[in-house]
Amino acid sequence: MQDQKYEYGMIGLGTMGCNLVLNMNDHGFSVAGFDKDKSKLESFIKQTDKRSIQGFNNVNDFIASLQKPRVVMLLVPAGLIVDEVIAELKPLLEEGDLILDCGNSHFIDTALRMEQLAKDKLNFMGIGISGGETGARHGPSIMPGGLKENYKRVASMLEAVSAKVNNEPCVTLLGPGPSGHYVKMVHNGIEYGLMQLIAEAYHLLKIVGQLDNDELHEVFSKWNDGKLSSYLIGITADIFIQEDNLTGTRLIDMILDNAGQKGTGAWTSEEAMALQIPVPVIDTAVSMRDLSANEEDRILTGKILKGPKSGLKLPEHMELVNELEHALYFAFLTTYGQGMALLHAASEKYKYDIKPEEVIKIWRGGCIIRASMLENIRSCFKRNPELKNIILDEKLAQELVKGQNEIREVVKKSVEYGIPMPAFMASLAYYDTCRSKWLPANLIQAQRDYFGAHTYKRNDREGVFHTQWLVNQE
Ligand code: 6PG
């Protein structure tokens, strides 16, 4: 039995786990790491030379190396693996030990695990971590949920390793239960929406604007210096100038146009449908990933389904770039807005008591959806912490009103040239729907009553009505 006892244990020494341990160690925390995979363990051990970190591949030794009451962090893929790891840990842990699930687990799984482990007097928290490899190493945005007393035990470590904006740590206890994983799910839903919008802008600029990769790099770099300044716009600018080691051309042109997904975007859409809070930009982003995955079918149907010629060079491509900048800003705002509206509803339904301003505050640094426009969104919640939807904030609404002309132009061009831009369309349609005093839903009610006697309400008197529609009487 060894003497050194470590403050934290980390299970899962893949890229994220390994980098987070190194980050923790930079801030003076001692950590024991565990991974069954020998190659991951070896690579971890190589990187941990002369640090107060140790790697284990025997779970008993690993647990025995931790200070009591223990804090064991998990950074393993979401799903069954989390349950398997917990099952292996359970007999080795003692009352009062705390497990932190730092992966992208579904919030319902997190709630169940909390409940089950509480029966064994084991503590459990679901902690969303965003920022990828670099974030984990140098400061991620951290989204914890669970009991206050558990958070207190790890708050100083989480604050130390998190990203900082104006010296403020990008971490705070978001609420009870699985609220941390809920917020991370919505973060990812927004991530899907923003990425789809950027991809659509790229499509229009490349095919209709005929911009080459260097020009695309220029455009995105310029946007990143303006009101679109954000992590995703910044990395997009970089991507266009990355060389391909295998062919010497640009890597972007060698990557198969088939988008993968691990499910968090679809979970956001499913949740939004269940809570009846529309998030159409996010829904569209999920569908577009699904459509992109079917490239064989796309090639086949492309031979039959003809559209307008889309290879036209627009002489006014500077105008297109300008329109797209404003349109993207508009669409980004609506996407953040849809995600925040879902959080508002979820917080009420599940009694998470999430403070939207705090969420935005911790998304300003470290995470994938960090962006300068989050300051404007944060101001909305400072003005009204109970705001149901940021489009109801007068100041922010003015920004949308100003930006609508450009997004309309962009959508027109997408239609004219046959470029699919459904996320922009969804954003604009959301805006137009939300501002509509009247919607044609009266017709839907009439149809429902016609074929199913589902009844309807009237706009001139109280009550619920049903009509024997003309054709029914024949
Ligand atoms: C983050 C990312 C991270 C991961 C996504 C990718 O916040 O750091 O969201 O969690 O990159 O889960 O998700 P997809 O594989 O579904 O695109």
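Colleague: Which helices do the buried residues of H12 pack against?

Modeller: Helices H8 (179–208), H11 (264–275), H13 (295–302), H14 (317–350) and H18 (422–434). Helices here are DSSP runs (H or I, at least four residues), numbered from the N terminus, and contact means heavy atoms within 4.5 Å. It's a predicted model, where local features need pLDDT of at least 70, side-chain atom pairs count only at pLDDT 80 or more, and totals for chains, interfaces and linings use all residues. Residues are numbered from 1 along each chain as its sequence is written, and side-chain values use heavy atoms, with hydrogens and water left out.

Colleague: How do you know that the span of helix H12 agrees with 1.5 Å a residue?

Modeller: The expected span is 1.5 Å times one less than the number of residues. For the 13 residues of H12 (280–292) that gives 18 Å, and the end C-alpha atoms are 18 Å apart, so the two agree.

Colleague: Why is Ala 259 called partly exposed?

Modeller: Buried is under 20% relative accessible area, exposed over 50%, partly exposed in between (1.4 Å probe, protein chains only). Ala 259 has 33%, so it counts as partly exposed. Ala 259 sits in the loop between H10 (231–239) and H11, and touches Arg 289 and Ser 292, leaving aside residues up to four places away in sequence. Both of those are buried residues of H12.

How values were computed. Helix = DSSP H or I, 4+ residues; strand = E, 2+ residues; numbered from the N terminus.
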